[in-house]
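Q: Could you give me a close look at how helices pack against each other here? Please carry on from there to the spaces left between the parts.

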Amino acid sequence: MNERQIHKFVQRYLEATDCRIVEKSPAHFQVKLSPRADRDLTNRPYYWSFVDRTGAEPETMSMLLVTDKNKYDEADAAAKQKPPVPQKPAAGSAGAAGEAAFGRSFGYLNSTINPSARMAREDLHFGARRLEQLFQSAKLGGSYLCLFQEPEKRTSHPLHSTAYSAWLGVNMKVEFLCDMKREEIHSFGISLATGQCLEQFNDRLLQHKMTPKLPPNVHTAKNAITLNKAASIAEGILERKLRAYDYGWADAAARRLEEELSTIRHYYEPLIEGAEEEHRPLIAEQYERRQDEIRWQYEPRVSVSATNCGIFYLQGIG
Amino acid sequence: MHPSNDSANGEQQLSSSPSGAGAGTPKRKLLHPGVELHFDRAWLQQLQERVDRNGPWDDWTLYQLAVEAEQSKLVSSFDDLQCLRSLPSFEPMPHQISTARKVLHEMSGRAILADEVGLGKTIEAGLVLKEYMVRGLVKRALILVPASLVLQWVRELNTKFGISAYAQKKDHSWGYDVVVASMDTAKRDPHRDKLLNQDYDMLIIDEAHKLKNKKTTNYQFVNAMRKKYCLLLTATPVQNDLDELFNLITLLKPGQLGGQNEFAANFVVDKRLPKNEDQLQEALQAVMIRNRRGDGGIHFTKRIVKNIRLKLSAEEQALYDAVTNFVRERFDENQGDWTSMLSLVTLQREVCSSRDAVFLTLVNMFKKTPEDSPVRAKIWQLVEVIRGIQANTKAEKAMELVREMNDKVIIFTEYRATQEYLLQYFRSHNMVAVPYRGGMNRGKKDWMMDLFRGRAQVLIATEAGGEGINLQFCHHMINFDLPWNPMRVEQRIGRVHRLGQTSDVHIYNLCTIGTIEEHIVSLLHEKINLFELVIGELDHILERFEKNETLEQRLARLLLEAGTNKDALKEGIDELGSSLSRIRDEVELDEPVDLGAVDAVLNAVGQTIEVRP
């Protein structure tokens, strides 16, 4: 992800989670987080459990999210060069000041009367922890969907009902593992009406406008197969694809595994034999542990999990 | 997609953990001989539940964002360095990157990093750790280091690598994914058992030469730990004999050098003399990387040391004598109580620095003395003598030097009070000086550094420790007074004279004649030759010298026992000096010769790096 992509990503995230954007430029956002985003991003589980238990009005945090550090710093430096704009004293500033004084002595600070309070700055470059949190939060809030395709306006006739059918969509991550690792993403759509399976299903979804509500003048076809069956179809297709792959990497890893096992065998077996009776179990246990470690480290395997999934109602009978 | 699988039980995600089977009821089948395919179906169950209950359903935009996030993080090849694109804040050096690659792709994540000092073993280890984390192959990592380096590691991992590493402080700290702890803590109960019951995806041990002896608790503890990847960091894989090398490598990969007897038969003539060097080297190459500096040694610039001898003013000399007498009397009164005596010696050292430093100590001493004690009156007399002092000979000289240099300069002093005094003194002479001390928080330290780099000509520091202060842009330092602990002097010099320094460095030692300071300067400069030692050498000298007592303690004892007898003092210090210079000669002479044969093999492992300032 480059700066522009990150910027766009952050903007869409903030909008989707109802955060209030106070100020923005192509290089940054200043936001007041929504409760939902605050829960995911600010690492305050104790605070939120307090809010949940007492029903107190939550006070969410504000953040300065910088998506392009260089550009932001340049603009910031330029702004500092200019003479500061004299601040117009706010109406009732005496009252506010008084409140602030109270606040100080009672150790209570209300962010509304202290807008200049230091705001945590977060540089969101690729690999930044805060961006990773945004990723996690998106995943948490975007795992299971149920959506309907929005009918195209002009075809809608008040008496005409369009047939929709349900699809199971699932984005799968395939991990090729040994002491090293490689990954692939596969996106499948399986029609629950016919069992037909489409690949790159996610790209297909993006071509449509989707809505969580069942649109008017739409009827849904009956499902012919279960979710379980549909998942098996996708898994079967994926498995067939994977079988055709080159497993040179796995053979190499298996060779490394064997070599390592034989190296330690060469070390431990004479050691156990030569040891006194009472020490043997201990050394044998150590040998066992080393073997486990080596298998854990090298054993080649392929593991498939889902990033996210959903039921999608699309026009037509798939 | 394990919504329930947050960080608390996230370990399950690593289905490869030796003891753990995957969650749920996984379906297993073979894709290729020896390659199992595993489908995680937790998602299906979750989806079915939501279908049955008709919700709750998630957000479409977040769904797309989650897909985009996955795509951007996708590890598309086995053998590139993915982590490099997520490290915007610094650029590793080429040899560090090639080392990381080698560990990842040729050594499968088990290696000894044996670079010479200063080539960045920490960076190399950080790169390897980060890469495994980015690839999802490491989640839980433990880093064991000497206690004094814990915070430095934590900071480095956090700032340079964006890894959330935590210093182990309380028992629950062990629960974090990446923990940095001291070896001494980790191997002790109750921590020990807890750690031995964990599966660590990665274990990193800094200063791993402390694992050279099989019989130590350190060694046995590390041997008993369950780990997948493992890095051992040491600049000196062999300090005394070849067995150390065998132990270290056996800890990492048992059998790599054969069994103990095989090793002895195949590779050892004498404890420091290897044979079959080619095979030994080949065996080492598979587990060890040693980058060395280019032949010219490290391309350090020169150190130009100047001792500036100063005569105290009559008033200052009067104070020095009065304090010396005072110390003498107290010593005669309470023979044997060494701890209180040491603070008296401090008093004597402080006179050589500034009256303010003495004053502060006297005030504290006055407060601690019982009200009816006759000592109170004596302390008061000393305070009266202090009043008589109007000028500070050293400060005047320092100012003169600073003006002459007309360049950035760092002034080190041992005492807060002296620091305050100097700040004021320089300010009153229209010279901008900024302070730096250990007690400042990180933000303030950084700010002071920025001020010094930008606006101030002078930095006045009481602390040399801490890697936060890198002053390569400064070529002058003044030791306003000298610590009695030579390591601290070396630390001071190291702030300025280090990799990246492009000019020669000028070091000025201010030294008042006729005082204890004169002896110290001659001891450190002439006898240890401190200011010209190679990095690391001082360590060896002190290790041999300070068997029971530190140099600092010995000096204090000498000073007290000599009392007003100047000849006795001189004699004692000369004796210290000659034994130090003898050890220095030994260290310089015998070590390289002794290990020459071993070094030749070690040095053939890895590449030579030309590090230019």
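This is a predicted model: local features need pLDDT of at least 70, side-chain atom pairs count only at pLDDT 80 or more; totals for chains, interfaces and linings use all residues.

Let's begin with H12(B) and H15(B), whose crossing is left-handed. Helix H12 covers residues 314–333 of chain B and helix H15 covers residues 375–387 of chain B; their axes lie 9 Å apart at an angle of about 165°. That angle makes H12(B) roughly antiparallel to H15(B). From H12(B), the contact takes in B:Ala318, B:Leu319, B:Ala322, B:Val323, B:Phe326, B:Glu329, B:Arg330 and B:Glu333, while H15(B) brings B:Val375, B:Lys378, B:Ile379, B:Leu382, B:Val385 and B:Ile386. By class, 10 of the residues in this contact are nonpolar, four are charged and none is polar.

Now set that beside H14 (residues 355–368) and H17 (residues 416–428), also of chain B, whose axes come within 7 Å and cross at roughly 135°. With that angle, H14(B) counts as oblique to H17(B). The crossing of this pair is right-handed. Here B:Asp356, B:Ala357 and B:Leu360 of H14(B) meet B:Ala417, B:Thr418 and B:Tyr421 of H17(B). Four residues of this contact are nonpolar, one is polar and one is charged.

Next come the spaces. The structure has seven cavities of 30 Å³ or more. In the largest cavity there is about 100 Å³ of space. Its lining draws on both chains, with A:Arg290, A:Glu293, B:Arg110 and B:Lys253 among the residues. H10(A) gives the most to this lining, five residues. Sorted by class, the lining holds five nonpolar, two polar and five charged residues.

The second largest cavity, at about 80 Å³, is lined by B:Arg349, B:Cys352, B:Tyr415, B:Asp481, B:Leu482, B:Trp484, B:Ile516, B:Glu517 and B:Ile520. Three residues, the largest share of that lining, come from helix H20 (residues 516–527) of chain B. Six residues of the lining are nonpolar and three are charged, with no polar ones.

Last, have a look at the second largest pocket, which contains about 860 Å³ of space. Of its 28 lining residues, A:Tyr267, A:Leu271, A:Ile283, A:Gln286 and B:Asn223 are the closest to its centre. H9(A) supplies the largest share of this lining, with six residues.

How values were computed
Residues are numbered from 1 along each chain as its sequence is written. Chains are lettered from A and ligands numbered from 1 in the order in which they are written. Side-chain values use heavy atoms; hydrogens and water are left out. On a 1 Å grid over the protein atoms alone, a cavity is a set of points where a 1.4 Å probe fits but cannot get out, and a pocket is an open set with protein on both sides within 12 Å along at least five of seven lines; lining residues have an atom within 4 Å of a point. Grid points are joined across faces, edges and corners, and a volume is the space filled by probe spheres set on the points. Helices (H or I, at least four residues) and strands (E, at least two) are DSSP runs, numbered from the N terminus. Axes are lines fitted to C-alpha atoms, for helices over the stretch in contact, and angles run from 0 to 180 degrees between N-to-C directions. Angles under 35 degrees count as roughly parallel, over 145 as roughly antiparallel, 65 to 115 as roughly perpendicular and the rest as oblique. A crossing is left-handed if the near helix is turned anticlockwise from the far one by less than a right angle, and right-handed if clockwise. Contact means heavy atoms within 4.5 Å. Ala, Val, Leu, Ile, Met, Phe, Trp, Tyr, Cys and Pro count as nonpolar, Asp, Glu, Lys and Arg as charged, and the others, Gly among them, as polar.
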